[in-house]
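Visitor: Could you walk me through this one? I'm new to looking at structures.

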Amino acid sequence: MSSEQINWSRMSLEELQMTWNTEVEPALQRGGVDLDERPTYQEVADAGYGGIAYALREHHELTLTEFLETVGYVEPDSTESYEWGIDDEITIDALEAFLRRIENKRAESTARSKRYRLATYVRLYERIHATASIVDRVRDADNQYDELRRVEAVLYELDDELESPESKLRYLSDIRQFYRHIETRHAGAFNPTENVDHGEIWEQQIPDNRDNPALSSEQVATLYTAIESPDEQLLVLGLCAWGLRRSEVASLHVSQLVLEGEDPHITFEERKNGPGTVALIYGVSELADRIDVLGGDDREWNGYLFPSRKSSSGHVTGETIQARFKRVADRADVRVRGERPTSKTGRRYWYTTYNQAMTDLLENLDVIAGEQGSSDASVVLKNYLSEAERRKYRREFMRERLAEAFENE
């Protein structure tokens, strides 16, 4: 059977495995592919069998890499077994080739760090642009201007995710290295990261820039009174009362919410600092009402608090949250150092408020610390209170601080 006659989409997984063993592998071997190593997507496509990757992705929810593990190409300690979280096999091949070179030259921990940062970048690229065909796009010189804009859009989104200039520069350095690898090893026609405007912004590490401005309680109160829809209410709560990143607000899903009991919170399986929870001190009733409305109005609701039928992800992007937040700020006529506030200034308000709440808490523990013969109230917080007690006190003092903004009528 020729490759053109194979109807990949109608095959079961077992039939795909059999066809691989009886048709594809012999063809690859005749074409000079070394089957002692896992074949790349490009080698499979060049042999005329690229359709298998589409069928695996669309009908079996598998990448080609995952499928090849089922037919004997298992390398558990290598980058090939890493879950990149994107669908484009050519880009995955390029990422893995790049990291193999890094592993050969540097420590394993360095390669792991680069892998994490690059995975964050390519997943974000796919979420924003509905494709991860990064390698194909930079192979065509005609795409240079458009690809520059696409890369900038991802970097601006990353800017909201990352806190320190040092972290931003590490990301930018790894992303640039990867694009250079595409140029030299995968026939890339250009490197869109060499002249991105955002790179210049990241590299201006003026000390004064570290004093990042935040919204005040009075400004948050003004924003909150200027909202005109449930969506606007949730995004102000998400950024200012819950301290979420704008991308986390955009992708907030009902499955993450625990609204019952004494400790309502949002759960995150994956976050910059790992899995965790975010306390819901304000906005529980607003969340419950919004869920009721979304579920009642649309039986096909996908569970996202900010759904989008136009987006392949099913929800709006962080850039959309940013634009909506700025519209509320314009309506409220709120400015921070003469500039329109961004989603990040809302998140910084949360951090500032949390630090103030913790200061209040420690000051109230000073008396207990003195009775215990300690000069440090944090010792009492850590060693003499249970985790449930610590959480209770943190919530109480945080609620008092947030009340300055969200109960200011």
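**Rings and a loop**

Guide: Let's start with Tyr-354, which is partly exposed because its relative accessible area is 26%, and that label covers values between buried (under 20%) and exposed (over 50%), using a 1.4 Å probe and protein chains only. By the way, this is a predicted model, where local features need pLDDT of at least 70, side-chain atom pairs count only at pLDDT 80 or more, and totals for chains, interfaces and linings use all residues. Residues are numbered from 1 along each chain as its sequence is written, and side-chain values use heavy atoms, leaving out hydrogens and water.

Visitor: Why do the rings of Trp-350 and Tyr-354 count as stacked?

Guide: Rings of Phe, Tyr and Trp (its six-membered ring) pair if their centres lie within 6.5 Å; planes under 30 degrees apart are stacked, over 60 edge-to-face, and the rest tilted. The structure holds 10 aromatic pairs. In this one the centres are 5.3 Å apart, and the pair is stacked because the planes of Trp-350 and Tyr-354 sit at 10°.

Visitor: Is Asn-191 buried or exposed?

Guide: Asn-191 sits in the loop between helix H9 (165-185) and helix H10 (197-203); helices are DSSP runs (H or I, at least four residues), numbered from the N terminus. Its relative accessibility is 8%, so Asn-191 counts as buried.

Visitor: Which side chain does a polar contact of 2.6 Å join to that of Asn-191?

Guide: A polar contact is a pair of N or O atoms within 3.5 Å; within protein, one must be able to donate a hydrogen and the other to accept it, and residues adjacent in sequence count only if both atoms are side-chain atoms. For Asn-191, the partner at 2.6 Å is the side chain of Thr-193.

Note on methods:
Helix = DSSP H or I, 4+ residues; strand = E, 2+ residues; numbered from the N terminus.
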